[in-house]
Structure formats: C-alpha cells, structure tokens
Amino acid sequence: MLVNQQIISTKFNNILINWNINKNINFFIFINYMLPKLTKKKKKLQKKAICVIHQNNNNVFGNIKFIQFNNKVKIMYEINGLSDGKHGFHIHNYGDLTDGCKSACAHFNPENKNHGGRNTEERHIGDLGNITSKNNLSKGVFYDKYISLDYKHKYCIIGRSIIIHEDEDDLGKGCNEESKKTGNAGSRLACGVIGITK
Ligand code: CU
Ligand code: ZN
C-alpha cells in the first residue's frame, strides 16, 4: 500500500513539474511573441517632425519640433532674433517657399473656417496663436489637439510650412475683416517647411 502510494505521489509530482515547466515555457513563448509587438506599436505612435527656420534678412532663425501623441501634438520652439513681444505663429497651407514666405499662401484651413486662436471654437487648423519673445529669444512648449503628423489624417501638417509674423495675432477678435483672415499679424518675418525627422 505504501509503495503504491509512493508511486502515485511520484507520478503526481511528475505531472505537476511537467505542467509547471510547460506553463513556464508557454509564458516564455508568450513574452517573446508579445514584447516586440508591444514595443513596435509604441514606436509606431512616436511620429516626429521638424521645421528649421534658416537665418534670413530679418535675422530670425531657429527651429520648431513636433511630436505626435495619441490625440495631440507637442510643439517645442526656439526662435532667435524676434523683437520683444508677441508674434503670430501659424501653419500655412503650402511648403512651397520658391517666392519666400509668400508662396506658402494662406493659413492651413481644411475646414474653410474663419481665423481664430489655438483655443477658440472658430479657427483655421493652422492657427497656433502667438509666441512671445524677450531679449532676442522666444522659447517654449505647447500642445495642440487638432494638428496631426499622421499622413492619413485630414489635418496632417507634414509638407506645409510655419510662418512667424512681425505683429501680434489678434486671434480673430479684431474689429476689421482682416482679423477673420489673418489676425492682423502683419508681415511674414520668417518661415520654414515642416519635414519628417527620426
Ligand atoms: Cu501666418
Ligand atoms: Zn488663421
């Protein structure tokens, strides 16, 4: 009886050990299969873009970096050479700078709306408001929930351009007609094309 019990117990232990080994192998296979998929998915979401503002006759230069998150884009800018105060900061329709900043044409406006600010109900998708400069430097970070770095997205900004204006953007709250088009931001001081980066 005791011998029988021992045999049964050993058999049972074997099954248990085998089962545990199998479980570990299965877990190992699962981790090896899933981990690259998960990291790949994460990498796929990290889309980045950059706009370089080359030094021009107005002595304005710098760069603007973009990172795509799930439903917003982070914008990091560092612009040198602007006068103290606020300056209109927009995404314009084209990345065509053959005629300087002029050929970038109007604000990126796929919804055919009136001009506004980043946080107003009515706005062009390209309306990123103002950046502020002090002692020759304008540096900061903000987020926008409309623009996208995804080529398939209707509001994708890749291949378009950024323009920095001489004056403050009134965010569509001015009293003239121009306010609803350009925010009275004045002349185009500097511009650059938004390109893909790693
Ligand atoms: Cu503009
Ligand atoms: Zn606008």
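Me: Which residues of the largest nonpolar core touch the most other members?

Reply: This is a predicted model, so take everything as computed from it. The core has 31 residues, and Val60, Ile79, Ile157, Ile162, Ile164 and Cys191 are the ones that touch the most other members.

Me: And which strands supply at least two residues each?

Reply: β1 (48-53), β2 (61-68), β3 (73-80), β4 (85-92), β6 (127-133), β8 (161-165) and β9 (188-197) each do that.

Me: Let's take Ile162. What does it touch, if you skip residues up to four places away in sequence?

Reply: Ile162 touches Cys51, Ile64, Ile91, Cys191, Gly192 and Ile194. Gly192 is also the bridge partner of Ile162 in β9.

Me: How many bridges hold β8 and β9 together?

Reply: Five, and the two strands pair in the antiparallel sense.

Me: OK, zoom out. What order do the strands of the sheet come in?

Reply: The order is β6-β4-β8-β9-β1-β2-β3-β7, in an open sheet of eight strands with antiparallel pairing. β6 and β7 (137-144) are the edge strands, each pairing on one side only. On average, neighbouring strands are turned by 20° against each other, direction ignored.

Me: How much of the protein is buried?

Reply: Buried residues are 31% of the 198 residues. As for contacts with a separation of 6 or more, 58% of them are between residues 24 or more positions apart.

Me: Back to the strands. Which residues are on the covered face of β1, and which on the uncovered one?

Reply: Ala49, Cys51 and Ile53 make up the covered face, while Lys48, Ile50 and Val52 are on the uncovered one.

Me: Who does β1 pair with?

Reply: β1 pairs with β2 in the antiparallel sense over six bridges, and four bridges join β1 to β9, also antiparallel. To pick out positions, Lys48 stands opposite Ile67 in β2, and Cys51 stands opposite Ile194 in β9. Remember that Cys51 and Ile194 are both among the residues that Ile162 touches.

Me: Is β4 enclosed or open to the outside, and why?

Reply: β4 is largely enclosed by the rest of the structure, because six of its eight residues are buried. Five bridges join β4 to β6, running antiparallel, with Gly85 opposite Ser133 in β6. β4 also pairs with β8 in the antiparallel sense, over four bridges, and there the bridge partner of Phe89 is Ile164. Ile164 was one of the core residues touching the most other members.

Me: Switching to loops. Where is Lys72, and what does it touch?

Reply: Lys72 is in the loop between β2 and β3. Leaving out residues up to four places away in sequence, Lys72 touches Tyr143, Asp144 and Lys145. The C-alpha atoms of Lys72 and Ile147 are separated by 7.3 Å, though these residues are 75 residues apart along the chain.

Me: Why is Lys72 called partly exposed?

Reply: Lys72 has 15 other C-beta atoms within 10 Å. A residue needs 20 or more to be buried and 12 or fewer to be exposed, so that count falls in between.

Me: What about Lys198?

Reply: Lys198 is in the segment after β9. Lys198 counts as exposed because there are 5 C-beta neighbours inside 10 Å. Lys198 and Lys48 are 6.4 Å apart in space, C-alpha to C-alpha, and 150 residues apart in sequence.

Terms used
Residues are numbered from 1 along each chain as its sequence is written. Chains are lettered from A and ligands numbered from 1 in the order in which they are written. This is a predicted model: local features need pLDDT of at least 70, side-chain atom pairs count only at pLDDT 80 or more; totals for chains, interfaces and linings use all residues. A nonpolar core is a set of buried Ala, Val, Leu, Ile, Met, Phe, Trp, Tyr and Cys residues joined through C-beta atoms within 7 Å. Two residues are in contact if their C-beta atoms, placed from the backbone, lie within 7 Å. Two strands pair if DSSP finds at least two bridges between them. Axes are lines fitted to C-alpha atoms, for helices over the stretch in contact, and angles run from 0 to 180 degrees between N-to-C directions.
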